[in-house]
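Visitor: Could you take me through one part of this model up close? I'd like the cut-offs spelled out as you go.

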Amino acid sequence: MNILVLCTGNSARSILLEALLNSLGQGRVRAWSAGSQPAGQVHPNSLTLLRREGHDTRGLRSKSWDEFAGPDAPKMDAVITVCGSAANETCPMWPGAPLRAHWGVEDPAAAAPDAAPAAFEQAYAILRRRAEAFMSEPVETMQAADLKAHLSACGTVSYTHLT
């Protein structure tokens with residue numbers, strides 16, 4: 001199953017979820033991330049956090065969603081947007097037939113420098129919890145309607161559910 005994670009800048013949230021899905025999916029899913037207006041580089045706090053948590057960061061880069069729109073691009077089964085609800089940002093939409101879900105998280109890259117480490121930790125914790133919930137089911141063999149419902153339900157898992 002191929003999943004594209006979209007955000008505006010593709011420097012923090014979408015990068016975090018790409019790494020989480022690839023790690024937790026253990027080959028069951030393949031995730032990529034992209035942005036409608038890519039920042040051009042992965043936020044250093046994203047890379048530091050991912051490395052500290054044991055994720056492979058090789059190949060992570062900020063890129064345009066145009067890379068996934070061409071005829072040679074992998075066919076996506078699902079597209080997950082991760083733009084926050086109150087961050088004054090435009091959340092990109094992906095055309096076509098893939099299943100779509102929204103797992104909104106506030107942008108840690110927009111946090112003040114002194115608040116950035118905590119903001120990245122919170123974004124990572126929320127996205128990890130959602131990715132774990134997603135991968136807890138046999139997503140690669142689900143029927144489209146069940147997969148869509150599961151994707152949507154996972155997008156409601158929040159930090160407050162963490163213990």
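Guide: Helices (H or I, at least four residues) and strands (E, at least two) here are DSSP runs, numbered from the N terminus. This is a predicted model, where local features need pLDDT of at least 70 and side-chain atom pairs count only at pLDDT 80 or more, while totals for chains, interfaces and linings use all residues. Residues are numbered from 1 along each chain as its sequence is written, and side-chain values use heavy atoms, with hydrogens and water left out.

Let's zoom in on His-55. You'll find His-55 in the loop between helix 2 (44-52) and strand 3 (78-81). His-55 is buried, at 8% relative accessible area (buried means under 20%, with a 1.4 Å probe and protein chains only). Leaving out residues up to four places away in sequence, His-55 touches Ala-19, Leu-20, Ser-23, Leu-50, Tyr-124 and Arg-128; contact means heavy atoms within 4.5 Å. With Tyr-124 there's also a side-chain polar contact of 2.7 Å. That term covers a pair of N or O atoms within 3.5 Å; within protein, one must be able to donate a hydrogen and the other to accept it, and residues adjacent in sequence count only if both atoms are side-chain atoms.

Two strands pair if DSSP finds at least two bridges between them; strand 1 (residues 2-7) and strand 2 have six, in the parallel sense.

Terms used
Buried < 20%, exposed > 50% of the residue type's maximum accessible area, 1.4 Å probe, protein only.
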